[in-house]
Amino acid sequence: MVLAGVGAQGAALQAPDYYVQETWSREPYYARRQPEPEPFSPPLPAGTPDGEREPRPPEPRPPKKATKPKKAPKRDKLAQETPPPGKNSNRKGVRTKSSEKAANDDHSVPVARVDVREGCEHFCTPSVCVCVLARSLSSCFLEEELQRVITAVSKGCPPLGLETLKITDFQLHASTSKRYGLGAHRGRLNIQAGINENDFYDGAWCAGRNDLHQWIEVDARRLTKFTGVITQGRNSLWLSDWVTSYKVMVSNDSHTWVTVKNGSGDMIFEGNSEKEIPVLNELPVPMVARYIRINPRSWFDNGSICMRMEILGCPLPDPNNYYHRRNEMTTTDDLDFKHHNYKEMRQLMKVVNEMCPNITRIYNIGKSHQGLKLYAVEISDHPGEHEVGEPEFHYIAGAHGNEVLGRELSLLLMQFLCQEYLAHNARIVRLVEETRIHILPSLNPDGYEKAYEGGSELGGWSLGRWTHDGIDINNNFPDLNTLLWEAEDRKNIARKVPNHYIAIPEWFLSENATVAVETRAVIAWMEKIPFVLGGNLQGGELVVAYPYDMVRSLWKTQEPSPTPDDHVFRWLAYSYASTHRLMTDARRRVCHTEDFQKEDGTVNGASWHTVAGSLNDFSYLHTNCFELSIYVGCDKYPHESELPEEWENNRESLIVFMEQVHRGIKGVVRDFHGKGIPNAIISVEGVNHDIRTASDGDYWRLLNPGEYVVTAKAEGFTSSTENCMVGYDMGATRLDRSTEKGW
């Protein structure tokens, strides 16, 4: 038995200054060459007297039929200019759109303007005069600022960030609220209340009274070109509350408001007809202002005024405000920052393979219910073969088809590894040459295609989550926990179930079992390749969850259920969370209802919510693989413009977590003739969980730094015990010993 210790330390990223923009390049990714825009004239009156805010209510306008989105063009190259931020080309869903232009009525004050042909068009107030379109640098901003303005004016606008939490709680205000847990800070698109709705974290903003004077508003903190509003009802298991129509108003000072017009009257936008499907209303003409307010006009008969929302808008630069770029981010990595449908994903993988043919291989592990191949990319210095002594690692994404951030991060990661290897990045070269990496970006491509059609804002919380036949892959693996725990509880009966490599029950293998074809494909994949460490990327939260995911006590839904390797799992989870830009930031807002800061952005899965048949538990009990669930963002399906920032949030964590596969001990168990022995059992004293050697007799056992007593045994051979020290430093500490007595 040859033993070697490997240590790895994750390098933590320094927390950025809260106010100053983080810049990885001098030029923002969306401020590159753009076509010259059409002139834009934002019709924003200076104000309306308070006593004249209540106009005559016109008849509600019926929504127009949703139009099918245009698909984004295919990318032929890996490294090319990224598009500017704007509305997704794949947005589809429930939307209403006005074709009329808003007109000023008798209560309006005309806007001061300058002819576009003279240089630029101005929107002026007593305190600010902002150039929103210019043809010469002399009359407006510096070139970079001008480019930002042109980009904002000429392209559709992305979400301001209520769902992604870029808009802080302090920027949300409301007329009244039922209680704190239903305050304005809860009026965010797709926010979840959880099972136990309470006074602190509920599922929407709900007004304290049901009348026409209620409102919720957003302070953008800078002049913004508002283009649309997306609304939902209240997320609740017990109540039905949603707004069926509303007005939209804008202001520069939060005191004087101008209502969006429909001809000569106030425009009434059609809201929701149920509580979960998002509804988009685009403003007939973009409005430039700092504040935007939603004023409900009608609501579900048996419910209350409750809503969640997102605002579409392009912030305009203010050259006099030093902090106006504090929420912006760009990256120097020249990657394909866009959402990829199935065909585009396959093409991108092909491009990566063509760029790095010596270290990549594309293969598939099976097919989805609809016949789409489950493609994976292998990255290694000898792709296609297992090298003795080299550990195997995997990332899986897209088990829930609508949690697309993990899918895009995995595609970005494979591009990044290829590019950095070609650039001779020593860290990446070492990782690729010493590790066999597998990346499966879309385990549920059928579900993703559904979510992709809905788009990033209109898909809701669950569209595309399940497979085509309605199965949640993440909970579809065999429940081996119960088999193990029942055997452990039978103290007076001889143990029939080992503490590792627990066999899959026969009923699960039958054709009539409710098992997704995607699940069966993953099981076969994990039985074929001796994975040591893996992470499945999910979305909707910002935390790393480690097994067990299932509670041991009956009738409990939450209970800490540690594995025998709890300390190792805690370290693995912390290695990702601590190097993420936000997970361990004590200042960050919780995504929905759970605050994971008490454990530094990590959580035992069962103490969060119990899940029977999870991938994490199955991997640990049926294979050698230590698997964790990595929730990479609050927004399951972020807008395309958010991808560069999300990449920067997760890039270091993705790499550090892969490096942990080299932590612990490794070696080869051989017989007297030097031939590797497969399926030899490796036991660590004091840890009631064993692993087994691979087909060549090599093994990897993840352990934290420390001194261990390790025993190898196999049928027909005398067992061998060795002492081994695992260090803190990166690199292997080998302990080679010749074995005797039958080995």
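A disulfide is here a pair of cysteine sulfur atoms within 2.5 Å. By this rule the count comes to 4 disulfides. The structure is a predicted model, in which local features need pLDDT of at least 70, side-chain atom pairs count only at pLDDT 80 or more, and totals for chains, interfaces and linings use all residues. Residues are numbered from 1 along each chain as its sequence is written, and side-chain values use heavy atoms, with hydrogens and water left out.

## Disulfides

| Pair | S to S distance | Torsion about the S-S bond | Hand |
|---|---|---|---|
| Cys157 and Cys314 | 1.9 Å | about -120 degrees | left-handed |
| Cys206 and Cys306 | 1.9 Å | about 115 degrees | right-handed |
| Cys591 and Cys634 | 1.9 Å | -60 degrees | left-handed |

Helices (H or I, at least four residues) and strands (E, at least two) are DSSP runs, numbered from the N terminus. Buried means under 20% relative accessible area, exposed over 50%, and partly exposed in between, with a 1.4 Å probe and protein chains only.

Cys157 and Cys314 form a disulfide. Cys157 lies in the loop between helix H1 (143-154) and strand S5 (172-174), and Cys314 lies in strand S14 (residues 306-315), so the pair ties together parts that are 157 residues apart in sequence. Cys157 counts as buried at 1% relative accessibility. Cys314 counts as buried at 5%.

Cys206 and Cys306 form another disulfide. Cys206 sits in strand S6 (residues 205-206) and Cys306 in strand S14, 100 residues apart, so this pair links distant parts of the chain. Cys206 is buried, with a relative accessible area of 0%. Cys306 is buried too, at 0%.

A disulfide also joins Cys591 to Cys634. Cys591 lies in the loop between H9 and strand S21 (602-604), and Cys634 in the loop between strand S22 (626-633) and H12, so the pair ties together parts that are 43 residues apart in sequence. Both Cys591 and Cys634 are buried.

Two further cysteines have accessibility values. Cys625 counts as buried at 1% relative accessibility. Cys724 counts as buried at 3%.

## Helix packing

Two packed helices are described by the angle between their axes and the distance between the axes. Axes are lines fitted to C-alpha atoms, for helices over the stretch in contact, and angles run from 0 to 180 degrees between N-to-C directions.

Helix H9 (residues 566-577) packs with helix H12 (residues 643-659) at an angle of about 150 degrees, their axes 7 Å apart. That makes H9 roughly antiparallel to H12. Angles under 35 degrees count as roughly parallel, over 145 as roughly antiparallel, 65 to 115 as roughly perpendicular and the rest as oblique.

Contact means heavy atoms within 4.5 Å. H9 contributes Leu572, Ser575 and Tyr576. H12 contributes Asn650, Ser653, Leu654, Val656 and Phe657. By class, the contact of H9 with H12 has 5 nonpolar, 3 polar and no charged residues. Ala, Val, Leu, Ile, Met, Phe, Trp, Tyr, Cys and Pro count as nonpolar, Asp, Glu, Lys and Arg as charged, and the others, Gly among them, as polar.

Two strands pair if DSSP finds at least two bridges between them. An open sheet of 8 strands runs in the order S15-S16-S18-S17-S19-S22-S20-S21, with mixed pairing. Strand S15 (360-367) and S21 are the edge strands, and each pairs on one side only. From one strand to the next, the twist averages 25 degrees.

Strand S16 (residues 373-379) and strand S18 (residues 436-440) run antiparallel and are joined by 3 bridges. Ile379 stands opposite Ile437 in S18.

## The sheet of 4 strands

Another open sheet has 4 strands in the order S25-S24-S27-S28, with antiparallel pairing. Strand S25 (687-692) and strand S28 (720-726) stand at the edges, each with a single partner strand, so one side of each is left without a neighbour in the sheet. The twist averages 30 degrees from one strand to the next.

Strand S24 (residues 681-684) pairs with strand S27 (residues 706-713) in the antiparallel sense over 4 bridges. The bridge partner of Ile681 in S27 is Lys713.

S27 also pairs with S28, antiparallel, over 7 bridges. Ala712 stands opposite Ser720 in S28. The hairpin of S27 and S28 has 6 residues between the strands, and Gly716 there takes a positive phi near 90 degrees.

In a regular strand the side chains alternate between the two faces of the sheet. The covered face of S28 holds Ser720, Glu722, Cys724 and Val726. Its uncovered face holds Thr721, Asn723 and Met725.
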